[in-house]
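This briefing walks through selected features of the structure shown below, moving from a single residue to strands, sheets and helices. Please keep the coordinates open while reading.

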Amino acid sequence: MQRGTFQLMKSVNKSIILNKIRTAEPISRAQIAKETSLTPPTVSSIVKELMEQGLVRESVLGNSSGGRKPTMLHINTDAFYVIGVDAGPENVECVLTDLTGTILQRTSKVLENPLTNEQFLADLKETIFALLQSSEADQEKIIGIGVAMHGVVNVNTGTSLIAPILNLRNIPIKEVLEEEFNLAVKVENDARAMALGESWFGGHGDADSMVAVNIGRGVGAGIVMNGKLYHGAQGIAGEFGHMTIDINGEECECGNRGCLQTFVSGTAIAKRAEKQLKEQNGNLTGKDVFDLAESGSQSCVDLLEETGHVIGVGLTNLIHLINPGEIVLGGGVIKSEKFLMPAALAAIQQKVLTPDARGTHVTVSRLGDEATLLGAVSLLLVELFDPVMQIG
């Protein structure tokens, strides 16, 4: 599917009906009209159009309430496909999914540092080409590419403005990939993409306000307010990892001192463990620290619990600032939830101002390692099913 095909989907009523079928299938035309307040002729006309475009299919007859049995409608999940890309900071992961987010194919490539913008873009293109070559899906049915990128992203131009861990700036991701693949390309900060993926696939119901926090090699957050991704005035909303915790702390990759990221990222945890364990090789990873804690190292247990407390302090600040209905935690570090979460939740109980706010629902993502990738996919699905959701 070439760029511009989404113009077919710009009708608000069409998106309303398509999204209603997605969230309530199987559903009849009459029920759609009732639940959306659209007229039955409008619903019938748009459903006919959606069926002609291959997006909607009919199923066996539903239950009758007295008259003729209604025909039930479903999303035709293999009508179109989406490419999702989780770009960095350590590797590039690509997936091909159907319209339900079911992963059909995947490829990956390790990023070799130091990188230039040109090499990073070449790695992106190579990984996407490998995905296309290994897939048996009809490539004419691919509606676009969603890219989740760490750091600060200009979503309008699809440019990576600052990728601090890769030490890159001003990477024209959208421009280069659209020219190369002739597909619609959406680029978003990885934590915000994860938040969108959580709201789309995470089973959180109609969470009106939600923050997804991604803690791994870096730390970021995505904010969903009134069902929409929030970017902020200059597009840096959610840079949770660069909240200052200690003004005299260690220097962060962003250039400031004492950022939350310098305490709770996987790299920071490994660095503190090396000091405590007098590890001279400098080869520990965050996962090594978890494995040592699991095998009975009390110092690693203590270190992870201390990290959990700092995460709880950060989440307390988040609750005081935004007061979300739900906070979802993901990323590699959260795989140590056994040691982190009790301390984080205890810190929230101890520090949050009001009893009601102390009850903020804090949970670990059920999407696991796929959260950011599915978030990248959802950048295109939102465009298809619910285009007003991405405004904010």
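In this predicted model, Ser 28 has a relative accessibility of 10% and therefore counts as buried, the cut-off for that class being under 20%. The residue belongs to strand β1, which covers residues 27-28.

**Surroundings of Ser 28**

- The side chain of Ser 28 comes to 3.1 Å from the backbone nitrogen of Gln 31.
- When residues up to four places away in sequence are set aside, Ser 28 is in contact with Pro 70, Thr 71 and Met 72.

**Helices α2 and α3**

- Helix α2 (residues 29-36) and helix α3 (residues 40-52) have axes that come within 9 Å and cross at roughly 120°, and the two helices are therefore oblique to each other.
- The crossing of α2 and α3 is right-handed, and the contacts between them bring Arg 29, Ile 32 and Ala 33 of α2 against Pro 40, Val 43, Ser 44, Val 47 and Met 51 of α3.

**The sheet that contains β4**

- Five strands, in the order β6-β5-β4-β7-β11, make up an open sheet with mixed pairing, in which β6 (103-110) and β11 (184-189) are the edge strands, each pairing on one side only.
- With direction ignored, neighbouring strands of this sheet are turned by 15° against each other on average.
- Strand β4 (residues 81-87) is mostly covered, with 7 of its 7 residues buried.
- In a regular strand, side chains alternate between the two faces of the sheet. In β4, Tyr 81, Ile 83, Val 85 and Ala 87 point one way while Val 82, Gly 84 and Asp 86 point the other, and all of them are buried.
- On one pairing, β4 runs parallel to strand β7 (residues 142-149) over 6 bridges, and Gly 84 has Gly 146 of β7 as its bridge partner.
- β4 also pairs with strand β5 (residues 91-97), here in the antiparallel sense over 6 bridges, with Val 85 standing opposite Cys 94 of β5.
- β4 and β5 form a hairpin with 3 residues between them, and Gly 88 in the turn has a positive phi of about 85°.
- β5 in turn pairs with β6 in the antiparallel sense over 7 bridges, where the bridge partner of Asn 91 is Val 110 in β6.
- Helix α13 (residues 371-385) lies across β4, β5, β6, β7 and β11, and runs at about 135° to β7.

**The sheet that contains β12**

- An open sheet of 5 strands, again with mixed pairing, has the order β14-β13-β12-β15-β16.
- β14 (228-230) and β16 (361-364) stand at its edges with a single partner strand each, so one side of each has no neighbour in the sheet.
- From one strand to the next, the twist of this sheet averages 25°.
- Strand β13 (residues 219-225) pairs with β14 in the antiparallel sense over 3 bridges, and Ile 223 stands opposite Tyr 230 in β14.

**Helix α6 and its contacts with both sheets**

- Helix α6 (residues 190-201) packs on the sheet that contains β12, touching β12 (209-215), β13, β14 and β15 (326-330), and its direction makes about 130° with that of β12.

Technical notes. Residues are numbered from 1 along each chain as its sequence is written. This is a predicted model: local features need pLDDT of at least 70, side-chain atom pairs count only at pLDDT 80 or more; totals for chains, interfaces and linings use all residues. Side-chain values use heavy atoms; hydrogens and water are left out. Two strands pair if DSSP finds at least two bridges between them. Helices (H or I, at least four residues) and strands (E, at least two) are DSSP runs, numbered from the N terminus. Axes are lines fitted to C-alpha atoms, for helices over the stretch in contact, and angles run from 0 to 180 degrees between N-to-C directions. Contact means heavy atoms within 4.5 Å. Buried means under 20% relative accessible area, exposed over 50%, partly exposed in between (1.4 Å probe, protein chains only). A polar contact is a pair of N or O atoms within 3.5 Å; within protein, one must be able to donate a hydrogen and the other to accept it, and residues adjacent in sequence count only if both atoms are side-chain atoms. Angles under 35 degrees count as roughly parallel, over 145 as roughly antiparallel, 65 to 115 as roughly perpendicular and the rest as oblique. A crossing is left-handed if the near helix is turned anticlockwise from the far one by less than a right angle, and right-handed if clockwise.
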